[in-house]
Amino acid sequence: MLELSARFLLPSGSSAVLRVAVVGSGPSGCYTAQSLVQRDPDVHVDVLDRLPCPYGLVRYGVAPDHEKIKSLQGSLASVLEHERVRFLGGVRVGGPGGLPAERLRELYHAVVYCVGAATDRRLGIPGEELAGSVSATDFVAWYSAHPDAPDADFLRGVRSAVVIGVGNVAVDVARMLVRGAAELNPTDIPQAALDTLTASGISDVHMVGRRGPAQARFTTKELRELDALPGTEVTVRKDELALDPTDPGTLPGVQRRNLEVLREWAARPPVRAGRRIGLRFFLRPVELLADGGRVGAVRFEHTAPDGQGGVTGTGRYEDVPAQLVLRSVGYRGVPLDGLPFDRASGTVPHEAGRIVRDGVPCPGEYVAGWIKRGPTGVIGTNRPCAKETAASLLADAPALLRGEVPEDPVPALRAAGLEPVTWAGWQSIQRAEADLGARLGRSVVKLADWDALRAAARSA
């Protein structure tokens, strides 16, 4: 339940409606809206998203077989259904065809940008642009039915794949590469992705980290899921575990449990299985090798601990055959037209959530989530981040209310060539996805292209 706290007062002691736009409907955007309406009964929030569907990475970044995490959509929906919160999808801010940030600022007393980190970090090695070299971000977007996702042709003819990275996203994509139809059919994965994955000839997946197992970023729960995949053998090399000098007794709980699991797996005898996932450590990618114009192998340099928490090259190399390389080495924020941007950190400069321009905080413009602090933490980390930004905004409210804004900005959005998708439009998309699933003999099946989403939303 949303709890209301003290309302702010204008200098005269009278109250007025504070109209706020939150750009982005993922967890950080929803938690920001929630914090604002919890703290003050005179705040009205429009949550804008360039997509016609809400929830951000909870819809488009969580693997389809992770139903428990996906169920978070229910609590986010309760925020967007609040009487003083309104969802407006299909509203692009900045960029070609989008509403300029300056114009958006004229329509609301305050704007909070919760746009996340929309791209991936690069490896910066030769061959990275070869066909078959794909970001894990793009691969996740494809099996999550993101309408901007690339075509799945990168799976054609792939027998061996390399996933570079040892975080939870790397575990997700490695697991999805070997999932069978029986496990994926009950999920909401789009039909085209289901057909492509179940028909793929991938037999070997290598998940590789440049440092040791004690520095891996996956959680133990995610790690153990690999060992529960039907018809799949998970392997770990004892010699690579032995290279890590870390005393398990000095590690935090998650890393200590991870190391215990990996050592358990390394001690097991080999088994016969149709597919294999190999976890490798102390290997640094130095080049993607071409074969007929596309990736044919990854050249790694063996590394060793440097005694300071990092690694150093050994001058020994190993080539791992692969027709698909998925880089999973982190997300990165991208500049938004009209806003300052720190390219070194991939974030918008701020002080307690207030956007900073030329060294000066700008009341009325705010950030929350990954674009504020960088791609760190878990979903719940967005709560305190959003609360800090909401507190700054509400502290600025008496001054912000002196500005004149329209009572309803939707006519201005339409005049700018935008057609907002309302909550009713989103509910219509949900019905269309349920109908599609019924026709395919499945449960809910996501719509995966812009035209289908727009048509479903219009049917509301």
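This is a predicted model: local features need pLDDT of at least 70, side-chain atom pairs count only at pLDDT 80 or more; totals for chains, interfaces and linings use all residues.

User: How do the axes of α1 and α4 cross, and within what distance do they come?

Analyst: Helix α1 (residues 27-39) and helix α4 (residues 73-80) have axes that come within 9 Å and cross at roughly 45 degrees. Axes here are lines fitted to C-alpha atoms, for helices over the stretch in contact, with angles from 0 to 180 degrees between N-to-C directions. Helices (H or I, at least four residues) and strands (E, at least two) are DSSP runs, numbered from the N terminus.

Residues are numbered from 1 along each chain as its sequence is written, and side-chain values use heavy atoms, with hydrogens and water left out.

User: Thanks! Which residues of α1 and α4 meet?

Analyst: From α1, Pro27, Cys30, Tyr31, Ala33 and Gln34 meet Leu76, Val79 and Leu80 of α4, where contact means heavy atoms within 4.5 Å. By class, the contact of α1 with α4 has 7 nonpolar, 1 polar and no charged residues. Ala, Val, Leu, Ile, Met, Phe, Trp, Tyr, Cys and Pro count as nonpolar, Asp, Glu, Lys and Arg as charged, and the others, Gly among them, as polar.

User: New topic: is Ser135 buried or exposed?

Analyst: Ser135 counts as buried, because its relative accessibility is 1% (buried is under 20% relative accessible area, exposed over 50%, partly exposed in between, with a 1.4 Å probe and protein chains only). Ser135 lies in strand β6 (residues 133-135).

User: And what is Ser135 in contact with?

Analyst: Leaving aside neighbours within four places in sequence, Ser135 is in contact with Asp120, Leu326 and Arg327. A polar atom of the Ser135 side chain also lies 3.0 Å from the backbone nitrogen of Asp138.

User: Where is Arg156 found?

Analyst: Arg156 is in the loop between α6 (136-143) and β7 (160-164), and Arg156 is exposed, with a relative accessible area of 65%.

User: What does the side chain of Arg156 make a polar contact with?

Analyst: The partner is the side chain of Asp153, at 2.8 Å. A polar contact is a pair of N or O atoms within 3.5 Å; within protein, one must be able to donate a hydrogen and the other to accept it, and residues adjacent in sequence count only if both atoms are side-chain atoms.
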